[in-house]
Amino acid sequence: MGSSKLHQNDANCVWVDGPIIVGAGPSGLATSACLTQQGVPSLILEKSDCLASLWQLRTYDRLKLHLPKQFCELPLLGFPHNFPKYPTQHQFISYLESYAGHFSIQPRFNQAVQSADYDHILGFWRVKTQDSEYISRWLITATGENAEPVIPDIPGINKFNGSVVHTSSYKSGSEFKNQRVLVIGCGNSGMEVSLDLCRYNAIPHMVVRNTVHVLPREMFGFSTFGIAMALIKWFPLWLVDKFLLLVANFILGNTDQVGLRRPKTGPIELKNVTGKTPVLDVGALSQIKSGEIKVFQVMEGVKEITGNGAKFMDGREKEIDSIILATGYKSNVPTWLKGCDFFNKDGMPKTPFPNGWKAEKGLYTVGFTRRGLLGTASDAVKIARDIARQWRPNDSCSNSHVILLKET
Ligand SMILES: Cc1cc2nc3c(=O)[nH]c(=O)nc-3n(C[C@H](O)[C@H](O)[C@H](O)COP(=O)(O)OP(=O)(O)OC[C@H]3O[C@@H](n4cnc5c(N)ncnc54)[C@H](O)[C@@H]3O)c2cc1C
Ligand SMILES: NC(=O)C1=CN([C@@H]2O[C@H](COP(=O)(O)OP(=O)(O)OC[C@H]3O[C@@H](n4cnc5c(N)ncnc54)[C@H](OP(=O)(O)O)[C@@H]3O)[C@@H](O)[C@H]2O)C=CC1
Ligand SMILES: O=C(O)C(=O)Cc1c[nH]c2ccccc12
């Protein structure tokens, strides 16, 4: 059974046998499943009313995984064999639903964790949601690197007459037909949304304020990511990056010429060091080359938004109808995890991969490796093994704990 026994002494105070996991995304589900396999129950607290809320509520219709399926599987249960190489978001969600079903994982939905504190006197984590306080020896943060949208404070944006949406609220280009759309940001979201807009006859203008690596999703029929992972086992990172860039330039041409300058650091090294994901191109680049997607390469980006347009840092101006913020995401850990210096101010573990999964006093983190779902799988397995070593079911919960911790 995935679910933990709960001991509720009154409406507000719940003792949890086994760890409390915050977040029912892929990371929370994977960790709960691995714990179950080790015979350890757990409880997932999820703020929304469904699992994998990022995938169910905050992604656009056309989204597919951009890494091949074998790099996106959770531990213990793979994708169904009939899934394509790059599953759609709907297939990924259905996989996650059956994964949760298979391991009998039943998250407590509509439980937004507002604070988690370590009680030094009792040696337990006290986790508060709007309804209850949950108490356990172990706390696992699984709220994700993409918990909240990054909304830049651009002067004048509140006075803009058209619509302004972040990519997390964008579904499709159908609402933007024949509009001039300013897409701010050129990561995977900015590129894919711009491509989607083209398919609905909108006119995307993509703002590029920085350097960016664009790689083809595949090289000679093999996924670029898979090639990189295979080469890394044998060659130094700098050589793998050199190879990827050589082939990328051969396939895509010099992206500098269309306003997409490459960073000095190679794509995989940059991802590992800063977390900045290279764009894995699924067609946007050819739309850029043909002029369907217009690139505004401007150092420091947009200076100001007016009622019907944008002014750029280099003095240029452009009339536009709508704005899409493809400005990325951030962790929300600092807003709820209290009195803990394991995370930096951006809500990422200070200890780098592969050692960032374990903090102290029974605190763990899953899915903060900047290595996508592969990183999630690796963290989940390690956390479950570590907690299983400490788990003694017979003294998991004595009534005295419940009485001791009676809510004030
Ligand atoms: C558009 C997009 C596409 C991606 N595609 C890929 C891909 O192809 N391959 C890949 O490897 N990675 C991909 N990623 C990276 C992505 O982060 C992972 O795929 C995955 O979703 C991470 O899982 P997670 O469980 O760590 O975080 P999330 O999926 O973000 O799940 C976190 C959960 O925690 C909940 N939560 C947050 N705060 C609280 C709180 N205070 N209290 C309670 N619950 C809370 C959220 O509601 C959410 O359900 C993509 C990311 C995005 C944005
Ligand atoms: N198909 C798939 O699987 C997809 C996967 N993803 C994944 O989701 C994650 C998030 O991607 P994404 O949403 O693209 O976010 P990213 O963080 O990757 O990109 C954000 C972009 O916005 C720019 N930006 C941020 N603030 C401003 C500003 N004020 N003015 C101008 N530009 C700004 C950044 O520029 P700068 O570099 O200067 O900071 C960057 O180009 C990534 O891991 C990505 O791989 C996303 C979409 C599809
Ligand atoms: O899709 C993402 O956001 C990921 O983090 C997946 C990922 C992990 N490592 C990478 C290296 C290159 C491109 C994508 C990824």
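Helices are taken here as DSSP runs of H or I that hold at least four residues, numbered from the N terminus. In the predicted model, Ala284 belongs to helix 8, which covers residues 284-289. Ala284 has 24 C-beta neighbours inside 10 Å and therefore counts as buried, the cut-off being 20 or more. Leaving aside residues up to four places away in sequence, the contacts of Ala284 are Met191, Glu192, Ser194, Leu195 and Ile293. Thr88 is 196 residues from Ala284 along the chain, and the C-alpha atoms of these two residues are 18 Å apart.

The chain as a whole contains 11 helices and 23 strands. Its radius of gyration is 23 Å, close to the value of 22 Å that the globule rule gives for 408 residues, so the chain is as compact as a globular protein of that length. The C-alpha trace extends over about 70 × 55 × 40 Å along its principal axes. Of the 408 residues in the chain, 39% are buried. When contacts between residues at least 6 apart in sequence are considered, 68% of them join residues at least 24 apart.

Two domains are assigned. Domain 1 is made up of residues 12-147 together with 331-405, and domain 2 consists of residues 150-328. The centres of domain 1 and domain 2, taken over C-alpha atoms, are separated by 30 Å. Domain 1 contributes 9 residues to the contact between them, and domain 2 contributes 15 residues. On the side of domain 1 that touches domain 2, 4 residues are nonpolar, 1 is polar and 4 are charged.

The packing of one helix pair was also examined. Two packed helices are described by the angle between their axes and the distance between the axes. For helix 6 (residues 237-252) and helix 7 (residues 267-274), the angle is about 125° and the axes lie 7 Å apart. Helix 6 takes part in the contact through Leu237, Trp238, Val240, Asp241 and Leu244, and helix 7 through Pro267, Ile268 and Glu269. By residue class, the contact of helix 6 with helix 7 comprises 6 nonpolar and 2 charged residues, with no polar residues.

Methods: Residues numbered from 1 in each chain as written. Chains lettered and ligands numbered in written order. Predicted model: local features only at pLDDT ≥ 70, side-chain atom pairs only at ≥ 80, totals over all residues. Axes fitted to C-alpha atoms, helices over the stretch in contact; angles between N-to-C directions. Helix = DSSP H or I, 4+ residues; strand = E, 2+ residues; numbered from the N terminus. Contact = placed C-beta atoms within 7 Å. Nonpolar A, V, L, I, M, F, W, Y, C, P; charged D, E, K, R; others polar. Domains from an automatic or database assignment. Rg over C-alpha atoms; globule rule 2.2 N^0.38 Å. Buried ≥ 20, exposed ≤ 12 C-beta atoms within 10 Å, placed from the backbone.
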